[in-house]
Amino acid sequence: MKIVKIAGVTAALALGVAACGGGETAEPAPAASAAESAPAAAGPKFAGQTLTMWRLGDSNPPAQAYMDDLNAEFQKVTGATVKLEWIPWPQVNDKFTAAAAGGAGPDVTEIGNDQVPLWVSQEALSPITPLTSAGDQAQIPKNLFGLETIDGEVYAVPWGAGTRAVLYRKDWFDELKIEVPKTWDEVTAAAKKIQDEKGKDVDGFAFNGGSDANHLLGAMAWSEGGDYAVKEGDKWVGKLTDPTFKAGFETYTSLVTGGLSGKSRLTQNTVDIRTRFANDKVGMYLTASWDIPGIETDSKGKVKADQLAFFPLPAKTGGEAPAFFGGNDIAVWGTTKNAELAGEYIKLATSKQWADRYAKDGGLLPVYPDTLASLASDPVQAPFAAAFAKARSFPADPNWTEAGETKAVLQNAARSVIEGKASADEALATANKELEDILNQ
Amino acid sequence: MTDTSIARRGGGSASAPSGRPRRSHRPQKASGLNPKLIPYVLLIPGLAVIAALLLYPMIQVFVISFQKVGIPQIRDVNPKPADWVGWENYTKVFENDIFWSSLRNTVSFAVIAVTLTLAVGTAVGVLLNQLSKRMSTLVIVGIMSAWAVPPVAQGVIWRWLFDAEAGIINWALNLLPDFLSNALFGRADWTGEPWTNEAFTIYLILILMVLWSSFPFVAVSVLAGLKGIPTELYEAARVDGSSPWRTFWQITFPLLKPVFAVLTILSIIWDFKVFSQLYTLMNGPTVREAFNLSVFSFSEAFKAPPKMGSGAAIAVILTIILLIVTAFYVRQMLKSEELR
C-alpha cells in the first residue's frame with residue numbers, strides 16, 4: 001500500500017518534471033517571438049490567416065457584440081480573421097479533453113482560472129511568460145497570476161475576475177415586502193416567506209450539488225474560517241474534518257434539510273438552477289452576474305434584468321461571506337500551429353481597453369487595479385467588489401478539478417448526509433481521505 | 001478479387017468433408033491449393049476484420065491497463081511514451097470503494113434483469129404462439145417498437161417519466177386513493193418524490209427500462225423456436241391430460257433449450273455492460289454509488305483528467321468476469337447437450 005502510494009507520487013512527479021521539460025523544448029520560440037515581433041505586427045502581417053478562438057459560456061448579445069468588435073479590431077491590426085466558437089461551461093472539461101487528445105483544438109481559448117493547473121498538467125496550454133511582463137499586461141497585479149504560474153512559467157492571462165454574490169428576484173422581494181438580507185437568518189427567513197407565497201416547489205435559496213457546487217459550499221466553509229486543504233511541505237493535508245469546515249458544510253446541507261431547496265434536485269449545477277430561476281422556480285441563488293442575459297433568454301423575456309438584483313452572501317457568523325475567487329483567463333492552446341498570431345490575440349484581448357470592456361460587458365470585475373477601484377461606487381458591481389476583497393480560492397493543484405468536479409467528492413458527501421445515510425462527521429472523514437488521496441496522487 | 005475467385009471455385013469442393021476420396025480433381029488442380037487449407041483461406045477476410053476491429057483494441061486495452069496513460073500520451077502531436085506502472089492501476093482500482101459498489105451493482109442488476117427478461121420474454125413468446133396470426137403480428141409490431149428505441153432515447157424517456165416534479169409516475173401515484181397508497185407504500189403524498197438521487201431507485205427504474213426494451217427480442221426468438229416444435233407433441237400431451245404448466249416444462253422447455261442458452265448468454269452480456277441507459281438516466285456521472293463497472297470505467301478513462309490506465313484496468317476486469325460467466329455457462333450447456 002505504502003509502496004503503491006510512493007510509486008504513484010513518483011510517477012506524478014516524473015510526469016510533472018516531464019511536463020515542464022516538454023513545455024520548454026516543444027514551444028519556446030512562439031511565445032518569445034510573439035513578444036519580440038510585437039511592434040512589427042502592426043500591419044497586415046498575418047493577412048489571410050485564420051485563428052480559432054473558443055469562448056466559454058452561452059453566447060448572449062453583449063458578449064457576442066464584444067467578440068465581434070474585438071475580432072474586427074484584431075483583423076484590422078493583424079489582417080487575420082478569427083473563427084469564434086462558444087463552449088457552454090458544463091461541457092468545458094469534456095471539450096478540452098477531446099481537443100487535447102484528438103488535436104482538433106483552438107488556437108486561443110478562454111479558460112476558468114481554477115482549470116489552468118489541470119490543463120497545464122495535461123500539457124494542453126503553451127507558456128506565454130514574456131507576454132505578461134510587457135505593455136499593458138505588466139500592470140495586472142502579480143497576485144492575480146497565482147493559479148496561472150506553474151514552475152515559473154505563466155500559462156494564461158487573467159481577462160476578468162468573477163466573484164459570486166446572491167442573485168434574487170427583486171420584484172418578489174418588493175411584492176412580499178422583504179428587506180434585502182444582511183444576515184444568514186434573514187436569508188432563511190426570506191427564503192421561507194418566498195416558498196410560502198410562491199409555492200412549495202419553489203426553491204427559496206437554491207442548493208447547488210452539481211459540478212460547480214464548491215462555489216457555494218466554499219463560501220460557507222470559508223466564512224466559518226474553514227478550508228479544504230492546506231499544503232504542508234509538499235503534501236496536501238485535508239481540513240474537511242475541522243469543526244470550522246463542518247460548520248460551513250452543515251449550513252450548506254441545511255439548505256435542503258431545512259427545506260429551503262427541493263430534495264429532488266441534489267445534483268443540479270448553476271446552469272440547471274438558472275433555468276429554474278428563469279421559470280419562476282427559484283427565489284435566490286449564488287452566482288455571477290453573467291447569468292442575467294441567459295435568464296432573459298431562458299424566460300423568453302418574461303424575467304427582465306430590472307426584476308433582478310444581487311446582494312453579497314451573508315456569513316452565518318456575521319458580515320459578508322468570502323466568495324470564491326473566480327476569474328476567466330485567456331490562454332494559447334498547446335498544439336496551435338499559429339502561436340505567434342495567438343500571442344498577438346492575447347495581447348490585444350487583455351490590453352487595458354479590451355480587458356476593461358470584457359469585464360464590463362460580461363459582468364465581471366476588471367483585472368486592472370485602477371478600473372477596479374472606480375467600481376466601488378457602482379451599485380450593480382459593488383456587491384461583487386465587496387466580495388472580491390475577501391475572495392478565496394480552492395487548493396491550487398492540478399488535481400483539484402478531479403476532486404471538485406469529476407469525482408464530486410463533497411457533493412457526494414453532502415448527498416449522503418442529506419439522504420440520512422451518514423452523519424456529517426462520517427461523510428466528511430471519508431471525503432477528507434479521498435480529497436487527500438486525489439490531491440496527493 | 002483473387003481471393004474471392006479462389007474461394008468461389010474452391011467452395012464447390014470444400015462442401016465435401018476433407019480427407020474423403022474425391023470424385024473430381026479438377027478444382028484442386030485449377031486453384032493449386034490444398035483443399036485442407038480452403039476453409040482457413042475462407043476464414044481469412046472475416047478474421048482480418050475481427051482482428052482489426054476487436055482483437056487489436058482488446059490487446060491495446062490490456063496493454064494500457066498496465067500503463068499510466070493521459071492526454072500527453074495519446075495526442076497527435078509529439079505524443080509521449082507511456083510509463084509502465086505494472087499492477088498499480090489494478091491495486092488502485094481494488095482499493096477504491098466505488099469499484100466494489102460498482103461490482104455489486106453490476107452483478108445484482110445482471111442477475112435480476114436477465115431473470116426477469118427471460119421470464120417475461122418467454123411468457124410473452126408462449127402467448128404469441130397462442131394468438132391468431134393477425135393478433136400476434138399486431139402484438140409483435142407493438143413490442144418490437146419498444147425494442148427498437150435507441151438506448152439513449154430510452155434513458156431520456158424513462159428519466160422524464162420519473163421526473164420529480166413533472167413526471168407522470170409521481171402524478172399517477174398521487175391519483176391513487178390515499179388509503180390504497182398508504183397500504184401499499186405507507187405514504188399518500190408523492191409530490192416532488194426524487195427517484196434519481198440514490199442507487200436503489202435508479203436501479204429500480206433501470207431494471208424496468210431494460211426489461212421493457214429487451215423482452216421483445218426474447219419473446220420473438222422464443223416464438224420462432226416454438227414454431228419449430230411439431231404440434232403432434234402438444235396434441236399427445238393434451239390427450240394425456242397434461243396441464244399447460246407441465247406441458248411447458250416437459251415439452252417446450254427441453255426442446256427450446258438451445259434457444260434459451262443463446263438468449264441467456266446474450267442477455268448476460270448485454271446486461272453486464274449496460275451503459276447508455278444508466279448514463280442518461282443518471283444525467284452524467286455524479287451519483288457515484290449508482291455506478292456500474294461500465295460507467296465507472298468511462299468516468300475514470302474519459303472525464304478530466306483522463307486516467308485511461310485505470311479505465312482500461314476496470315474494462316479488463318469486466319471482460320474477465322464476463323468471460324468466466326460465459327465460459328461456465330457454455331460448459332454447462334455443452335454438458336447437457338452430451339447427455340441428450
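How many of the 6 residues of strand β6 of chain A are buried? The legends below take up this question and then turn to other close-up views.

This is a predicted model, in which local features need pLDDT of at least 70 and side-chain atom pairs count only at pLDDT 80 or more, while totals for chains, interfaces and linings use all residues. Residues are numbered from 1 along each chain as its sequence is written, and chains are lettered from A and ligands numbered from 1 in the order in which they are written.

View 1. In strand β6 (residues 157-162) of chain A, 6 of the 6 residues are buried, so the strand is largely enclosed by the rest of the structure. Here a residue is called buried if 20 or more other C-beta atoms lie within 10 Å of its own, exposed if 12 or fewer, and partly exposed in between, with C-beta atoms placed from the backbone. Strands (E, at least two residues) and helices (H or I, at least four) are DSSP runs, numbered from the N terminus. β6(A) is joined by 5 bridges to strand β13 (residues 326-332) of chain A, and the two run antiparallel; strands are said to pair if DSSP finds at least two bridges between them. Within this pairing, A:Gly162 stands opposite A:Gly326.

**View 2. The hairpin of β9 and β10 in chain A.** Strand β9 (residues 229-232) of chain A is joined to β10(A) by 4 bridges, and these strands run antiparallel. They form a hairpin with 2 residues between them, and A:Gly233 in the turn has a positive phi of about 70°. A:Glu232 stands opposite A:Lys235 of β10(A).

**View 3. Two loop residues of chain A with positive phi.** Most residues other than glycine have a negative phi. A:Lys300, although it is not a glycine, has a positive phi of about 55°, and its place is in the loop between α11 (291-298) and β12 (308-311) of chain A. A:Lys300 counts as exposed because it has 9 C-beta neighbours inside 10 Å. A:Ala408, also not a glycine, has a positive phi near 45° and lies in the loop between α16 (400-406) and α17 (409-418) of chain A.

**View 4. A lysine in helix α12 of chain A.** A:Lys347 is placed in helix α12 (residues 339-349) of chain A. Is this lysine buried or exposed? A:Lys347 is buried, because 23 other C-beta atoms lie within 10 Å. The C-alpha atoms of A:Lys347 and A:Lys337, which are 10 residues apart along the chain, are separated by 18 Å.

**View 5. Where the two domains of chain A touch.** Chain A is divided into domain 1 (2-162 + 326-389) and domain 2 (165-324 + 407-439), with bounds that come from an automatic or database domain assignment. In domain 1, 15 residues are in contact with 17 residues of domain 2, where contact means that the C-beta atoms of two residues, placed from the backbone, lie within 7 Å. The elements giving two or more residues to the domain 1 side are α3 (61-78) and α15 (382-389) of chain A, and the largest share, 4 residues, comes from α15(A). That side divides into 8 nonpolar, 6 polar and 1 charged residues; Ala, Val, Leu, Ile, Met, Phe, Trp, Tyr, Cys and Pro count as nonpolar, Asp, Glu, Lys and Arg as charged, and the others, Gly among them, as polar.

**View 6. Where chain B touches chain A.** In chain B, 29 residues are in contact with 34 residues of chain A. On the chain B side, α4 (71-74) and α5 (88-95) each supply at least two residues, and by class this side has 12 nonpolar, 6 polar and 11 charged residues.

**View 7. Helix α7 of chain B.** Helix α7 (residues 133-147) of chain B has 15 residues and reaches 21 Å from its first C-alpha to its last, close to the 21 Å expected at 1.5 Å a residue, the expected span being 1.5 Å times one less than the number of residues. This helix is hardly covered, as the count of buried residues among its 15 residues is 1.
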